[in-house]
Structures are given as structure tokens and as C-alpha cells.
Amino acid sequence: MPGSVPLLLADFTFSWLWLAEVLITVALYATLAASLNLVTGYAGMFSLGHHGFYAVGAYAAGWFVSVCGHPEVGSAVAVGVFLGSAVFASLAAAVAGLLVGVPCLRLRGDYLAIATLAFGEIVRIVIQNTPALGGSLELSVPRLLVDPRGLAEVSTFRDLFLAIGVAMLLVTLVVIRNLIRSAHGRAIVSVREDEIASELLGVRTTAYKIRAFTLGAAFAGLGGWFYAHYSGSIAPANFDLLVGIKILLIVVLGGLGSLSGSVVAAIVLIGIERLLQTGVFGETLKEWMQVEYALVLILLMLLRPNGIFGSRELSDLWGRRSPRKAAP
Amino acid sequence: MTGTAAPLLEALELCKDFGGLKAVDGVCLTLATHEIVALIGPNGAGKTTCFNCLTGADRPTSGEIRIGGQSVGGWPAWKVAQAGVGRTFQNIRLFKEMTALDNVRTPCAFQAGYGIVATIFRGPKFRAAEARLAAQARELLDLVGLGGVADAKARELPYGAQRKLEIARALALSPRVLLLDEPAAGMNPAEKADLANLVRRIRDTRDVAVLLIEHDMKFVMGLSDRIYVLDHGVPIAKGTPDQVRRDPRVIEAYLGVDASHGAS
């Protein structure tokens, strides 16, 4: 998240403040990846426009707050606006998902990827050309819960947003996991497995695709809400294609159809990125940050083409591993 | 209708053109409950196209299809399936990465009786419905003899088991009509006999009519109550296995003109 913290610290020391910032970013990207996993991993729709819904959520939240005036920081009204903007952001992204999904979900594979890619770009360009949303400049999102001015407030602010971020991630994971483990979830996965067979066995494939796409968009919107409030200002550059690719990379690295994988991959990718950024491994490696994603992708394809977890979950490990005792 | 009860499934003058090719040309067929009927013909005779029309996968160019007396013309495939038409596929189309149990449970999604929101909170109604769906699915797996591999992924099952799993999955729709597209393809004689028994058991224990496409004549003749024969999309014969076996047009379609002369 450029802009939210000074990237260059002359003498870097590991601190809770730094770690909290990293974990907040991990929670955000894990949420985004989990929501994309519903669309791409479980429902099998290859979407390259997930950052578009992320942007819609962020700007919807920012707009909502600006309309609500400037409630006193930390007041009950401010908390209400904070939570209200979450609902509004998710709904706005869900509506965008529905509007994009209905015409686009007739397309499959590469064609769907191109159409969603175009959507992501359209969102960014529309925002750039809408003065009410800040145009290509920043839209500032007034602080509602804590104003991080002094060092003490920054610390409280980070702790608070870490808690909110983890809560957001947990809600996302539980909702998606519970949906998948139901009759409706099995219908969604059957569309990925064989759409024609699925339809001929009574599954309303189009309806389920739209539902999965819309729900995935809603959670991406929730991620946007979180980012808008955490960073305090949003700009179109925060939602470019690279962000969409980063989300997709986390999903693929973790494993299509594995929520645990999305979380672990977010920890790994964001963790490496942030560690390199600190410069503790030297200035050279700091520049190598640019190569990280490409390198990770190449290693992934060579070592684990199905992602770290494949379609398995962490919970499978302690469910089935018992007969295998560690050999000395 | 002419006074008698409407047949379970009825196709009237079914035609399907692909460009200039008449894949199905004027097929009429009827099915009644507890009947096993076969649709045979040389390769490319239009049997699978016929199935695709009956299940709503292809829209017939002309003709009418009625299920339980109701016309289903123009219905999407999922609606035809929910109305009680279950099918298997010539090339196995299981949900490969899903378990056998989940394969069989999937067609029941529309009978779940709870919405998407209920999946999040997993209340008593949700749990009761899930228990009911799982019990139904296990019963079907037992019926086809796959009760022991419920938790195996479909792709891990041997070929014969995959064919049976497709049948169980089609039965999960509680179909009134079960369409089997070459169910015995690639099976050895013992597996075929086993399959024939399974099909009879399904007919005897469930209120269903079975329509099957099959190339193995011994299998078809031993199992079917009636047979329809297609050649180049045109119906050329119908009747009991004995009638069809002796029909010179059938022999000609399968073996050529000389053979039919030689045989008569």
C-alpha cells in the first residue's frame, strides 16, 4: 500500500508497529484472494477484473463517508457511518458484479478473462474522469474511528485496523466456506467441473454463476471499504491491473479452490515483499522486489503447478494425517 | 390424447437439422413407466442427437416432446431435468474433482429447500435438509454398488464404477425417465451382465422408464422390452427384440444389402 507508510526507514528495526502494518495488508489481500477464489477457484470463471470491484467498494465507501459529513472522530455516529459504509461498499460492488456478470458470464475461459479485464480498466478510467471522486488525484476519506496523528494514535490505529482486518477476513472465509459446503456450493463447483453435465442434471448453471460472481464482487468491495478507511485516501493508481494480477497470483499460488491456500499465499507473498522492502537484506535485494512475483510464478509452475494446497484445506491435514507417524 | 392416459414421455415427428444435415428426421417414440426401451442404429444414426433433443440440450428443428402429457418445447435443459428426465453421457461426464457422494448430491440442489443465506448460519432446517440429501445420495450409491467409495473422488474410480456413478447421479433427480447413452461401452461381459441386472433393478424398484442407446446387440436384445431402430436419422423399425432382429431393413442398415439378402 504505497502512501500509507514511509517506505524508506533509515535504520529499520522490527517492531510491532511494522508487523501490524504487514499483517493488515495480509488480511486485506487474503480477503481479496478468498473472494476471487470463489469466482475462479470454485465456480471456475477466470476473472481478471477483480480489482475493479475492489475499486468500486473503496470509492463507494469514500463517497458514502463524504456524503455523511464529518462526524466527530470516535463518536457513535462515526462508528455508524464506518459500518454503514461497509454495507454500502459491499452492495455497490455486488451491483457492479451483477451488471458485469449478467452479460459477461455467457463467455468462457479466455473470453471472460478479457471481458472482465476490460471492466477493471473501465472502472479505473471512469473514476479518473469523475471530478466528484477526485479524478486522477486522491479522494481523501475522513478518519472516523481514530485519527493517527501522534505515535500513540498510530499504534492504536494499527491495532484497531488489524482487528477489523482479521474480523473481515474471518467473515469472508466463513461465509465462502459454508456456502461451498452446501447444496448450493456443490452446484457452483459442478459448474466448474462440467457445465453441460451440470445443466443437464437440473442445475441452473447461469443463475449459480451469477450468484458466485456477485458474492465474490461483494467481498472484493468489502476489501475496498477496508482499504479506503485504512489508507485515508484513495487514488485510481491503487486499483490498477497490477493489483488485480497480484490478487490472482495469490489465488493461484495458494491453490484454486483452497481458502487456506489463499491465506497462506497472501502471508508468503506479502511477507516476502515487505521484508525485501525494509532493506534489511541489503539495497540490492530491495531492488529485486520487482522480480519477486515473476520468480514466485516460475517456481510455482515448476514445483507445484496446482498451487501450494491444490484444492485441499488446512483442516484436511489433521483430519486424515493420523496414520502417518513421523519416521525418525 | 385419445382417451388413454398420457404416456410418460412422448416424442412426435422429432426433427433436428444441422445446416443441411438431417441428423434426426421424423422420430416418434413413446415410453411408459417400468419399461426398458432401446434406441439402436449404426454409428451416426442420430441416437445421441435424439437424446440431446429429449433432454433439452439441443432444440429440435420441429416436432414436439411431451413429458407426462406436458409439452416441454423450448424449455432450458435444467428445467427438463427437474421435470424428471435424468441422463448419462456417452463420454463419461462426471464432476471429476468432486467425491462420489457429492456427484450424486449435486442434482438435488433445487430440492434443498434452503436459500444461500441459510448456508451461512447452518441452522436446524439447513442441517436437516443436508442430512436428508446425504441419506438419499448414500441410498443411491448403495443401489449401484458404490456405497463403499462414497468419499473417493470421481476421477479416482475405475471405469466401470464411473459408469455406475453416472447412473446414480441421474437417479438423484428422481427422474420419471432415465436416459442411458451407451451404458455398457467398454465393459467386459461380466460387467455387462451386472449392469443389465442393475438396470432391471432400477426399473422394478422405481417409478421410472428407461431409454437406452447401446451397440452391444446381446445386451440390448436381452434387456429391452421394445426397440426403436434409426438409420441416417430416419426411424426404420420398431417392435420387440424378436421383431426387430428379423426385420430385413435392420439387417440391411447394419450389414449392407447383400447381407440382408443372404440372411432372408
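Let us begin with chain B: among its contacts (heavy atoms within 4.5 Å) between residues at least 6 apart in sequence, 70% join residues at least 24 apart. The model is predicted, so local features need pLDDT of at least 70 and side-chain atom pairs count only at pLDDT 80 or more, while totals for chains, interfaces and linings use all residues. Residues are numbered from 1 along each chain as its sequence is written, chains are lettered from A and ligands numbered from 1 in the order in which they are written, and side-chain values use heavy atoms, with hydrogens and water left out.

Staying with chain B as a whole, you will find 11 helices and 10 strands; these are DSSP runs numbered from the N terminus, with helices being H or I of at least four residues and strands being E of at least two. The radius of gyration of chain B is 20 Å, close to the 18 Å that the globule rule gives for 264 residues, so the chain is as compact as a globular protein of that length. That radius is taken over C-alpha atoms, and the rule is 2.2 Å times the number of residues to the power 0.38. Along its principal axes, the C-alpha trace of chain B spans about 70 × 40 × 40 Å.

Now for the surface of chain B. Of its 264 residues, 52% are buried, where buried means under 20% relative accessible area, exposed over 50%, and partly exposed in between (1.4 Å probe, protein chains only). The accessible surface of chain B comes to about 11500 Å², and carbon and sulfur atoms hold 53% of that area. Such areas come from the Shrake-Rupley method with a 1.4 Å probe, and for residues only the protein chains shown count as cover. Chain B carries 32 positive and 29 negative side chains, and the centres of these two sets lie 6 Å apart. Here Lys and Arg count as positive and Asp and Glu as negative, with His and the chain ends not counted; each charge is placed at NZ of Lys, CZ of Arg, CG of Asp or CD of Glu.

Gln162(B) sits in helix H6 (residues 159-171) and counts as buried because its relative accessibility is 15%. Beyond its neighbours within four places in sequence, Gln162(B) touches Ile92(B), Leu94(B), Ala154(B), Arg155(B) and Leu157(B). Two loop residues follow. His34(B), between strand S2 (21-31) and strand S3 (36-40), has a positive phi near 60° without being a glycine, and at 38% relative accessibility it counts as partly exposed. Arg122(B), in the loop between helix H4 (116-121) and helix H5 (124-143), is not a glycine either, yet has a positive phi of about 50°; at 23% relative accessibility, Arg122(B) counts as partly exposed.

Over in chain A, take a look at the helices. Helix H2 (residues 50-67) has 18 residues that should span 26 Å at 1.5 Å a residue, and its end C-alpha atoms are 26 Å apart, which agrees. The expected span is 1.5 Å times one less than the number of residues. In H2(A), 14 of the 18 residues are buried, and the helix is followed by Gly69(A), with a positive phi near 75°.

Helix H8 (residues 205-231) of chain A has 27 residues and reaches 39 Å from first C-alpha to last, close to the expected 39 Å. H8(A) is mostly covered, with 23 of its 27 residues buried, and Gly232(A), with a positive phi near 80°, follows it. Finally, Thr172(A) lies in helix H5 (residues 151-180) of chain A and counts as buried at 0% relative accessibility. Leaving aside neighbours within four places in sequence, Thr172(A) is in contact with Thr31(A), Ala34(A), Phe219(A) and Leu222(A).
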